[in-house]
Amino acid sequence: YIVYWLSKDALVSIKLWTVSGEVVRFADDIPSFKGYNKFYWDTTNRSSKKVSSGVYIYRIRAAAGDEAVHETGKVVVVR
C-alpha cells in the first residue's frame, strides 16, 4: 500500500515509474477523503505483468478546486 494523508477531500492521481523513467502504472481521479488514505498497488505494470524487485518512484497529485499539491516518494518491491 501507498499511504497518504490529505487535509481535505480531493481527487488524487498516482503515477509510478522505474528509476530509469519508464512509467509502470497510472491511476487517475481517485476520490479521496480528509485524513489517511491508501492506494493498493498489486506490483504489476500497465500490461498486468509482475514488476521486478527494485526501487520504484511514485508521485501523488491531490486536487481540490483550484488548489493542487504534489508529493513524491519511493516504494521498494522485494520478491
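Within the largest nonpolar core, which has 18 residues, L16, F39 and W41 touch the most other members; such a core is a set of buried Ala, Val, Leu, Ile, Met, Phe, Trp, Tyr and Cys residues joined through side-chain atoms within 4.5 Å. Two or more residues of this core come from each of β1, β2, β3, β5 (54–64) and β6 (67–77), where strands are DSSP runs (E, at least two residues) numbered from the N terminus. The model is predicted, with local features needing pLDDT of at least 70 and side-chain atom pairs counting only at pLDDT 80 or more, whereas totals for chains, interfaces and linings use all residues. Residues are numbered from 1 along each chain as its sequence is written, and side-chain values use heavy atoms, with hydrogens and water left out.

- Apart from its neighbours within four places in sequence, L16 is in contact (heavy atoms within 4.5 Å) with I2, E22, V23, V24, R25, F39, W41, I57, Y58 and V75.

**Strand β1 and the surface**

- Strand β1 has a covered face made of I2, Y4 and L6 and an uncovered face made of V3 and W5; in a regular strand the side chains alternate between the two faces of the sheet.
- Strand β1 runs antiparallel to β4 (residues 35–39), to which five bridges join it, pairing being assigned if DSSP finds at least two bridges between two strands.
- V3 lies in β1 (residues 2–6) and stands opposite K38 in β4; V3 counts as exposed because its relative accessibility is 53%, the classes being buried under 20% relative accessible area, exposed over 50% and partly exposed in between (1.4 Å probe, protein chains only).
- Together with Y1, W5, Y36 and Y40, V3 forms a nonpolar surface patch with about 710 Å² of accessible area; nonpolar patches join Val, Leu, Ile, Met, Phe, Trp and Tyr side chains within 5 Å, from residues with over 30% relative accessible area and no salt bridge.

**Salt bridges**

- Two salt bridges are found in the whole structure, each defined by a side-chain nitrogen of Lys or Arg within 4 Å of a carboxyl oxygen of Asp or Glu.
- K8 and E67 form a salt bridge at 2.8 Å, N to O, and this pair links the loop between β1 and β2, which holds K8, to strand β6, which holds E67, 59 residues apart.
- D42 and R25 form a salt bridge with their closest N and O atoms 3.6 Å apart; because D42 lies in the loop between β4 and β5 and R25 in strand β3, the pair ties together parts 17 residues apart in sequence.

Technical notes:
Patches are made of residues with over 30% relative accessible area and no salt bridge: like charges are joined within 9 Å, nonpolar side chains (Val, Leu, Ile, Met, Phe, Trp, Tyr) within 5 Å. Accessible areas come from the Shrake-Rupley method with a 1.4 Å probe; for residues, only the protein chains shown count as cover. Helices (H or I, at least four residues) and strands (E, at least two) are DSSP runs, numbered from the N terminus.
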